[in-house]
Amino acid sequence: MRRVGSVVRTAQGLAVLRASERSDENAAGAGGNAFRDEIGTMVIDDDLETVGRVVDVFGPVEQPYVAVTPEDGVHLPSLVGSKLYTR
């Protein structure tokens, strides 16, 4: 699992995450981008339950925001403050 980031808010039916900063050599060697996955990537929580899929990446290159559209049945307000991951 790779951490995408933490949910900082919800807006227009999306969970908005602030991508985690990565300090590993691979991130530093490629400009230090925190989030490298593509639109459509599945996002999971600590319990390995599917939360949704990435629909947008925006903001500063070093630590972008990631917009996630939730799966049916996911209660968005309960995600605020949660750390989310990709497989």
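Colour the protein chain by pLDDT to begin: the chain averages a pLDDT of 87, and 84% of the residues score at least 70. These are confidence values for a predicted model. Within the chain, strand 3 (residues 42-44) has the highest confidence, at 97, whereas helix 1 (residues 25-29) has the lowest, at a mean of 45. Select residues 25-31 next, where the pLDDT is below 50. In the model, this stretch has 6 contacts beyond near neighbours in sequence.

**The paired strands**

Proceed to strand 1 (residues 2-11) and strand 2 (residues 14-19), which run antiparallel and are joined by 6 bridges. Display Arg9, which stands opposite Val16 in strand 2. The hairpin formed by these strands has 2 residues between them, and Gln12 in this hairpin takes a positive phi near 50 degrees.

Strand 2 runs antiparallel to strand 5, with 4 bridges between the two. Return to Val16, which stands opposite Ala67 in strand 5.

Select Asp45, located in the loop between strand 3 and strand 4 (50-58).

To complete the view, display Val51, Lys83, Leu84 and Tyr85, which Asp45 touches when residues up to four places away in sequence are not counted.

Definitions and conventions: Residues numbered from 1 in each chain as written. Predicted model: local features only at pLDDT ≥ 70, side-chain atom pairs only at ≥ 80, totals over all residues. Heavy atoms only, no water. Pairing = 2+ DSSP bridges. pLDDT = per-residue confidence, 0-100. Contact = heavy atoms within 4.5 Å.
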